[in-house]
Amino acid sequence: MSVALGIDLGTTNSAAAIATPTGVEFILGPRGERVHPSVVAFPNSGGVVVGGDAKRYRLSEPQHVIHSAKRFIGQNFRAPMVQLAMTGVRYQIVEGANQQPMVVVRDRQLTMPEISSNVLLHLKRCAERQLGTQIKDAVITVPANFTDGQRQATKEAGRLAGLDVMRLINEPTAAALAYGFGREKQQIICVYDFGGGTFDVSILRLDGEVFEVLASEGDFFLGGDDLDRAIAEVLAAECNRVLRIDPRPHPALMMKLMMGAEAIKCHLSQEDEAEGEIDGLDLPGASKPGQLPFQITRKQFEELTSGYINRTIEVTRQVMVAAGVDVRAVSEVLCVGGSTRIPFVRQRLAEMFRKPPNTALNPDEVVSQGAAIQAGSLLGTLHGGTGMGARDAVATAGHSMLGGGGNVVLPSHQAKRPVLMDVNPATLAIHTAGGFTERLLDKNAPIPIERTRVFSTSRDNQTRVEIDCCRGEQRRYADNEPLGTLVLDDLPPKPRGELKIEVSFRVDADGILHVRASDQTSGQQQEAHLQVIGAPTVGEQG
Amino acid sequence: MKSKAELLAWAKNILAKGPTAPPHELLQLRPGADATAASDAFMKLARVAHPDLHRNSLTETEFDQVVLAYSRVAGAYQELRTARNRPHTTQPPFGAPPSPPSPPSNAAVPPAGPSSMNNKALVYFRKAELALNQGELRNAILQLKMAIAADPQAAFLRAALAEVEAELARMKPQ
């Protein structure tokens, strides 16, 4: 009996689950925890430590604790976003081959997929111990607005962890699947996914077993971390005022304040006021650790963070327009991601949709549940009971129904397989002379998709054609994000306009772009494939 | 499309039409069919021919054929659903701009201000404003630089950046 793992590889936390005939079973960490911090530590004492244990090294040797790798994976080192994210971490990042960001740990340089593969390997090992069977196949979730480079790098991380990544699915889509699988209903839902590092929102039409994504939008650099930082800034000002020390140039002090800020944020989701003191502050020039008293009300917190929350509501409005759906047509608003525990977020959603959002699902677990259902579906081992169980998931530590020697009796009835129709996250186009773009694939088009267009040369006897590919909605090429350039060389000399060059853009079910160009005129069809900047190079891929 | 044989025959038929076949043919519609007809046809097809439904019942080659056929029909669906926005018969060559909407050279200069930048830049600009309100000057500078990267033409952004950088320079000596 083969088992496939559904993995939610998050910015701050990860979770994994498998579909069983009666529900979804979560993979537990060494202490029985369902949520695994996406943290990898390379401590001075040697070895690699992953998960909750790795977090312990945050204060003693922060330069060896790699967190938030998802903010860098598959990105171009030179991108402003990456440069900005680098200001928020205490480990060193340098530029590697193909403009990939590389983590420096002592004398070693590691790629971001290598870092993330440690988290995946940890989950794989936990699952194997829990289920008593080898695990090979997996479905990994990614933010809906992940680019090709980020998707390729995530797949690469899976491969490095010894997993066969059957599919990458978008996080909001996974949540919708966990909610809707087995319900056989017709409705339009909104999935509002506000996690630790990213924000995504998708509108889906559910029709029986068909899950059609109508539109998806997001902000890759907006998450709970930003809210923590807003509180930490206030604490820093307090520190300056009360203790007469500006903590901002002292990274260890700021880290401590960030940790305090996170605790205050979580407290304010339950209570109207947070009051206390942050102790153990290593103040520069002081002989013993100092204390910082604080008092923050929920109202103050809401004022501090309203800019970020308003931005998520603004993006939600945008996606409704893109989907062509009115708020009254949305019958359910699913809250996904830890940041949806904030009462102000729920209040704003209720105002917008004129009904309270659905908070019955566990916002930290629902994405991995959906991934597990999709994994079971792709493997062909999905059963009717899984859907009901997904909503009342029970974790049964140690004694899985699927493990324990193989004498498992499965219910005879096969579930109807869900059909996930996800969308292309961004417009993909090529550069035409004059500085404009020609769109090949539209944002929110269904995937997998392929589109081919025939182009021609603009000069007589042109023997070389360069095809610049980009991602973005703008009409001018320079305003979009460049993906890479495809070159066709040694073309037969012809008068302009006579040479026929076919350019194919294909986005596969993982949301990964494949570009092919071929010269149709000469009998010899030469082809070129695109290497996306920032992605693992072709030789590294499996 | 109930049987495996029917599915494979459909895929073969689609692939035989080639990658540049007219979209309505791939969706088995009449020429001139509208977006609604295209949507209905595509959804009907997805229910039975979506590759995920057949992953385990086909050989690798057969599966690849079904994926490619489905992908081409999806491309045709995209084409028909947005057909009204642009003509798909013109094939601009490399080297000639596709009907550039270039304004006359004496066109009015757009008003300077946040409303004149593109959406992506506006998002960064808002983030910069947020950072400024919280006194994070460096963060604001980065966000503004990202806004300029998103919209290099917006003079307003450059002015804002210069202003914030001057502010930071004033603070440093203290």
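Student: Hi! Do S25(A) and strand S26 (residues 513-519) of chain A pair in the parallel or the antiparallel sense?

Tutor: S25(A) and S26(A) pair in the antiparallel sense, over 7 bridges. Two strands pair if DSSP finds at least two bridges between them. Strands (E, at least two residues) and helices (H or I, at least four) are DSSP runs, numbered from the N terminus.

Student: Before we go on, what kind of model is this?

Tutor: This is a predicted model, in which local features need pLDDT of at least 70, side-chain atom pairs count only at pLDDT 80 or more, and totals for chains, interfaces and linings use all residues. Residues are numbered from 1 along each chain as its sequence is written, while chains are lettered from A and ligands numbered from 1 in the order in which they are written.

Student: Back to the strands: what stands opposite Arg516(A)?

Tutor: Ser504(A) does. Ser504(A), in S25(A), is also the bridge partner of Thr452(A). Strand S22 (residues 449-455) of chain A is joined to S25(A) by 7 bridges, and these two run antiparallel.

Student: And what's in the hairpin of S25(A) and S26(A)?

Tutor: There are 5 residues between the strands, and Gly511(A) takes a positive phi near 85 degrees.

Student: Why is S25(A) largely enclosed?

Tutor: 6 of the 7 residues of strand S25 (residues 501-507) of chain A are buried, so the rest of the structure largely encloses this strand. A residue is buried if 20 or more other C-beta atoms lie within 10 Å of its own, exposed if 12 or fewer, and partly exposed in between, with C-beta atoms placed from the backbone.

Student: Now a helix. How many residues of H5(A) are buried?

Tutor: Helix H5 (residues 171-180) of chain A has 10 of its 10 residues buried. Among them are Glu171(A), Pro172(A) and Tyr179(A). After H5(A) comes Gly182(A), which has a positive phi near 90 degrees.

Student: Which residues have the most contacts inside the largest nonpolar core?

Tutor: Those are Leu334(A) and Val73(B), in a core of 172 residues. Helix H4 (residues 60-81) of chain B contributes the most to this core, with 9 residues. A nonpolar core is a set of buried Ala, Val, Leu, Ile, Met, Phe, Trp, Tyr and Cys residues joined through C-beta atoms within 7 Å.

Student: What is Leu334(A) in contact with?

Tutor: Leaving aside neighbours within four places in sequence, its contacts include Ala175(A), Tyr179(A) and Leu361(A). Two residues are in contact if their C-beta atoms, placed from the backbone, lie within 7 Å.

Student: How many residues does each chain put into the contact between A and B?

Tutor: Chain A puts in 43 residues and chain B 42. S22(A) gives the most to the side of chain A that touches chain B, with 7 residues.

Student: What ipTM does the complex get?

Tutor: The predictor gives an ipTM of 0.86, along with a pTM of 0.81.

Student: What about the pLDDT of chain B?

Tutor: Its mean is 77, and 77% of the residues of chain B reach 70 or more. Over residues 84-112 of chain B, the pLDDT is below 50. pLDDT is the predictor's confidence in each residue, from 0 to 100. Where it is low, the predicted coordinates should not be read in detail.

Student: Last one: which domains does chain B have?

Tutor: Chain B is assigned domain 1 (4-85) and domain 2 (114-171), with bounds from an automatic or database domain assignment. Taken over C-alpha atoms, the centres of these two domains of chain B are 46 Å apart.
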